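Hi everyone, thanks for making time.

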Amino acid sequence: MDTRIHVAVGVIYNSDKNKVLITKRTAKQHLAGLWEFPGGKVEQNEDVVSALQRELYEELGITVVEAKQLTTVSYNYPNKKVLLDVWKVHKWNGEAESKENQEIAWPKVTELNSYKFPEANKHIIQTLSLDQFYVISQPSYEDNSRLISVVNDYFSAGLKLFQLRLESRNNPEFSMLIKQIRELANSHNGKLILNGTPADVNAYKIDGLHLKSNQLKKYKSRPISENYILGASCHNEEELAQAEKLNVNYAFLSPVSKTSSHPEKEAMGWDNFYNISKKVKFPVYALGGMQPSDLKVARSYNAFGVAMIGAIWNSTIPVSDILSN
């Protein structure tokens, strides 16, 4: 019998979509004094959306108009197990106010790490830092100066997520390269993800780790802490299901379209992408032949965003111009 407590959680955005509402747990509550995203227990025979609407009205006096599922988080505390069913709430009516004597704050997403949250909420914070556009490096460069130049343009254009994926890491310049990119990311509130192994989070100063598809079955649980973003490459339903067991923050599902880099791989197309990605409850990026202009279509087929390689590195125009086309 599953003893996990099912909790509906709302990430409530302000009208400008640049801040989110958090509340502080009262002295009478479990994990008192810590901040959290508002919500509460899903009652027996109650659907999650109804529970979310009820809890947010009881706690804050607001009426949910539109909510979209973001992710689910399974976490085991010493004395209880929880399943957080997390929803983004962009549209709501009323004026949010404390109905249960709880303290309320409206920090920016980039400020959330300044607050003390329960461990399970850290996964939500990392997931909120994901961007709709996700650029991946090429496997190698003759000269790293172009890599640094494009990454600088990328973060300067307002994008937040970059993955370094190099075939060779024995080069003595590798650590320095990571340091340079991390500094660029930090200066723009961006994130550097390294395609590698769990040991890399201790070896380098990075914001997250991306696992290859052939690494997924090596682990029975999440191999790194919730203080980091964890992603994975997937190509089918089985791999995506395994990624979900590891509590990843996101996954790539590919190839959606044919690519020049892997012409031998059969493209799955948008219908298959939709049918496979709908089986999991966490952000899934479309990868494989993607362009920034594909974002609207990708979202209509359940993609969280688009991940790109060739669209950026095969172009000679600035990143900001690529994104505006």
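So, what order do the four strands of the open sheet have? The order is S4-S1-S6-S5, and the pairing is mixed. Before I go on, some housekeeping. This is a predicted model, where local features need pLDDT of at least 70, side-chain atom pairs count only at pLDDT 80 or more, and totals for chains, interfaces and linings use all residues. Residues are numbered from 1 along each chain as its sequence is written, and side-chain values use heavy atoms, with hydrogens and water left out.

Helices (H or I, at least four residues) and strands (E, at least two) are DSSP runs, numbered from the N terminus. Two strands pair if DSSP finds at least two bridges between them.

S1 (residues 5-12) pairs with S6 (residues 81-93) in the parallel sense, over eight bridges. There you'll find isoleucine 12 opposite valine 89 in S6.

Now the helices on this sheet. H1 (residues 48-60) touches S1, S4, S5 and S6, and its direction makes about 65° with that of S1; contact means heavy atoms within 4.5 Å. H2 (residues 119-128) lies across S1, S5 and S6, at about 125° to S5.

Is H2 enclosed or open? Eight of its 10 residues are buried, so H2 is largely enclosed by the rest of the structure. Buried means under 20% relative accessible area (1.4 Å probe, protein chains only). Among those buried residues are His123, Ile124 and Ile125, and the buried set packs against S1, S3 (35-36), S5, S6, S10 (191-195) and S12 (229-234).

Last stop: S8 (residues 133-136). Phe133 and Val135 on one side, and Tyr134 and Ile136 on the other, are all buried, which leaves both faces covered. S8 runs parallel to S15 (residues 305-308) over three bridges, with tyrosine 134 partnered by alanine 307. S8 is also joined to S9 (residues 161-164) by two bridges, again parallel, and valine 135 stands opposite phenylalanine 162 there.

That's my tour, thanks!

Notes: Buried < 20%, exposed > 50% of the residue type's maximum accessible area, 1.4 Å probe, protein only. Axes fitted to C-alpha atoms, helices over the stretch in contact; angles between N-to-C directions.
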